[in-house]
Amino acid sequence: MVDRGYYWNKFSLQWGRRTGAAKPYVVRRDGDLMTQVTDHGGGVHSIKVPIPDNPLGHTLVHVLDTDRGPVLIDTGWDDPEAWDTLEAGLAAVGTEVADVHGVVITHHHPDHHGLSGQVREASGAWIAMHPADTAIVRRTRESRPGTWLTYLAAKLSAVGAPEEHLAPLRAGGGRARALPGSRPALPDREIVPGELLALAGRRLRAIWTPGHTPGHVCLHLEEEHPGNLPGRGRLFSGDHLLPGISPHIGLYEGPDDAAVGDPLGDYLDSLERIGRLGAAEVLPAHQYAFTDAAGRVRELLGHHEERLTGLLGLLAQPLTPWELAERMEWNRPWEQIPHGSRNIAVSEAEAHLRRLVKLGRAEAVPGSEPVTYIAV
Ligand SMILES: [Zn+2]
Ligand SMILES: [Zn+2]
């Protein structure tokens, strides 16, 4: 579950309108460190916290002022430069890490939850997360080094991965070394879907949006927009709704889970729910703030429908999930996709296959091993 090699599929580049409300400014400290902080108005700032060696570039950590002190929405990747940037960013908005009152996590991924433990240590802040993602944090903390790689090798073998892809995983599992980010902080508060978070002086409601992860939440700030944009408040959308990319939708399960869910189905349902909120502005965890959430939701729903139709074309002949992933249109040729990203690509292929099977548009070929699927 350490997804440093995050693979973002072909993205749709429809840029949202920028709003006039945000005022970006730049802070320099120690000569070379540059932090970009944006004042979104109404006691909300964002800090661009870098993600090392990642095409996404940064996580937008949001700082929400409350009567009990600042509350962070996500914290950023566990990395010294990210930490320094977070500290400098908090200083730029007139506060410091020690003052942080609480941390609300949109989902367990390391670019969102990575620094939460260090923030709690420095401030005594609570950390809140949806229980479905807390379960994954617990699983990651408790699993023995190597368990995940061994599981992954078995799983990939079952969906048709070739031996040269599996060999390094088997070797890694055997070496049983601890993976970076394998001790994420255990949250101490539960985010309850549909309820307001207990924040002094603010109305922030949790909206459960499973799909990208099983416990992903968006957070709806039910307050008048400070720039008087039309609509209902502002939405911290995490990775669920981003202006220019479509988030990775893979599989939820781990070594001890038998359950076969439908993450893409969850995601599409969650998207529709978010589209109906009518938020005046979206503050995502990557890229930039944007308006017209409903329009962006329609685009993403269309994008996924198009992809599902494209996959049905490929499934005119029986294919393993691996073969399907090889034939899907990624933003670079399959030969150039690195090892770790191929794992993510094949999980994306499987999520789409599950959706097609659930819709009755594809089925597994009985007796095939590794399993193949065909359009019906
Ligand atoms: Zn994520
Ligand atoms: Zn992310």
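This briefing describes the overall make-up of a protein, one of its helices and some details of its backbone. The model is predicted. The protein contains 10 helices and 14 strands, and buried residues account for 43% of its 376 residues. Of the contacts between residues at least 6 apart in sequence, 68% join residues at least 24 apart.

**Helix α4**

- The residues Asp-133, Thr-134, Ile-136 and Val-137 of α4 are buried.
- An α-helix has 3.6 residues a turn, so residues three or four places apart point the same way.
- The cover over the buried residues of α4 includes strand β7 (126-129).

**Backbone details in the loops**

- Most residues other than glycine have a negative phi, and most peptide bonds are trans.
- Asn-228 has a positive phi, near 55°, although this residue is not glycine.
- Asn-228 is found in the loop between β10 (217-221) and β11 (234-238), and it counts as exposed because it has 8 C-beta neighbours inside 10 Å, where exposed requires 12 or fewer.
- Gln-287, also a residue other than glycine, has a positive phi near 70°.
- Gln-287 sits in the loop between β12 (281-284) and α8 (293-314), and its 16 C-beta neighbours inside 10 Å make it partly exposed.
- Glu-369 and Pro-370 are joined by a cis peptide bond, with omega about -5°.
- Pro-370 belongs to the loop between β13 (362-364) and β14 (373-375).

Methods. Residues numbered from 1 in each chain as written. Chains lettered and ligands numbered in written order. Predicted model: local features only at pLDDT ≥ 70, side-chain atom pairs only at ≥ 80, totals over all residues. Buried ≥ 20, exposed ≤ 12 C-beta atoms within 10 Å, placed from the backbone. Helix = DSSP H or I, 4+ residues; strand = E, 2+ residues; numbered from the N terminus. Contact = placed C-beta atoms within 7 Å.
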